Structure formats: C-alpha cells, structure tokens
Amino acid sequence: MIVAGCDPGADGALAFLDAESCRVIALVDMPMSGTDLRVRELATDLLAALDGRRCGHLWIERQAPFAGGARRIGASSAFNLGQRYMAVQAIAACHGWPYELVTAAKWKKHFGIAACKALALHTAGKLMPEDSDHWTARRGHCTRARAIGRAEAALIALFGIISFNAIATGASA
C-alpha cells in the first residue's frame, strides 16, 4: 500500500511512501507561482508520481494559522495556506484517496521534534537514511526551506504508516 504525507506550506510537499518498506516512492513539491498554488499542475504531478498506482491513504497536516500562541500570520498568508490545504483535500476526494488530518503537534511529538524545523531534516535523515537525498539542500536544486518541507511530508507519511501498524496490532501510535 502507498501512504502519503502532506505538508501544505508554500515550501511544502507530498511524499509517497511504500507502507511495507517505508521507502520514499516519490516526492511532489507544491508548485507555486508567487504566493498562488498551481492546482492543476499539482493534481497532474501527483497522478504522474503514482504512475497508475493508487494512494491507499493520505495524511495531511492540519492547518490552524489563527489558533493562538505567539506565532501568527497575516490574513492573505492564511488565505494562501488555506488554499493549498483545501486543494490537497479536494484532489484526494476527487480521486477517492482516503485522507486524515493530523496536527503538527501530534506527529512532531511522536518523533520528538519540537517547534524547531531543522530537527525534521535530522530526524527524517536518521529514520530514512536511504532516502535522505530527497531532502538534502543543494544550490540550484533544493532550498533549505524546500528540504524541510520535503522532510516533514515524509515524516507525516511515516507517522501514518506507524499509526496504521499500531491500529492493526492494537497498540497506540
């Protein structure tokens, strides 16, 4: 089964993992034009990445830009984030992919990642060393922000696989 994880941020991505091997099958970056998501391109890229296979389950990081706390974003940034968040849900619904929302606090707590985004790179590299080239920042290829988005998407998918396995064995994730 293919399990996907999504970080819907502007530098985010969707990561498709094989549930048996926990290896990355494909990574799709959020295609952006300035602050706008190119939705049609995202849908096309996701289907191309699956190459005729079906996504068994998609885990999407729940977004709450005005949820309180010290970090807040402006109204237009919140709107753009909401656009990406809902576009991913709509694409999943249109293709019949079951999806689930997971808060950043939940999946990050599972992996012991605090609010520090750089820890996502380290943790993803440690848990999936064979795939770490996908989220290695390289000039002209992948910015650090994009690398973090890719690593977080892969970790969200891995969290989904662990959650499924926990449900199957009767343990808690």
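In helix α3, three residues are buried: Trp107, Lys108 and Phe111. Seen down the axis of α3, these buried residues fall within an arc of 95°, so they line one face of the helix. Keep in mind that this is a predicted model. Here's a quick tour, starting with that helix and moving on to the aromatic pairs and the sheet.

**Helix α3**
- Turn to the face of α3 that points away from the buried side, and you'll find the exposed residues Ala105, Lys106 and Lys109.
- Trp107 sits at 0% relative accessibility, so it counts as buried.
- Phe111 has a relative accessible area of 13%, and it is buried because the cut-off is under 20%.

**Aromatic pairs**
- How many aromatic pairs does the structure hold? There are two.
- One is Trp59 with Phe159: the ring centres are 5.9 Å apart and the planes stand at 90°, so this pair is edge-to-face.
- Trp59 belongs to strand β6 (residues 55-61) and Phe159 to helix α5 (residues 144-169), so the pair ties together parts that are 100 residues apart in sequence.
- Both Trp59 and Phe159 are buried.
- Trp107 and Phe111 make an edge-to-face pair as well, at 6.5 Å centre to centre with 70° between the planes.
- That pair sits within α3 (residues 104-111), where Trp107 and Phe111 are four residues apart and hence separated by about one helical turn.
- As a reminder, an α-helix has 3.6 residues a turn, so residues three or four places apart point the same way.

**The sheet**
- Five strands make up an open sheet with mixed pairing, in the order β3-β2-β1-β6-β7.
- Which strands stand at the edges? They are β3 (24-29) and β7 (99-102), and each has a single partner strand, so one side of each is left without a neighbour in the sheet.
- From one strand to the next, the twist averages 20°.
- β6 and β7 run parallel and are joined by four bridges.
- Leu58 stands opposite Tyr99 in β7.

**Helices packed on the sheet**
- Helix α1 (residues 39-50) packs on the sheet and touches β1 (2-7), β2 (13-18), β3 and β6.
- The direction of α1 makes about 170° with that of β3.
- Helix α2 (residues 75-94) also packs on the sheet, touching β1, β2, β6 and β7.
- For α2, the direction is about 165° from that of β6.

Definitions and conventions:
Residues are numbered from 1 along each chain as its sequence is written. This is a predicted model: local features need pLDDT of at least 70, side-chain atom pairs count only at pLDDT 80 or more; totals for chains, interfaces and linings use all residues. Side-chain values use heavy atoms; hydrogens and water are left out. Rings of Phe, Tyr and Trp (its six-membered ring) pair if their centres lie within 6.5 Å; planes under 30 degrees apart count as stacked, over 60 as edge-to-face and the rest as tilted. Helices (H or I, at least four residues) and strands (E, at least two) are DSSP runs, numbered from the N terminus. Buried means under 20% relative accessible area, exposed over 50%, partly exposed in between (1.4 Å probe, protein chains only). Two strands pair if DSSP finds at least two bridges between them. Axes are lines fitted to C-alpha atoms, for helices over the stretch in contact, and angles run from 0 to 180 degrees between N-to-C directions. Contact means heavy atoms within 4.5 Å. The arc is that of the directions from the helix axis to the C-beta atoms.
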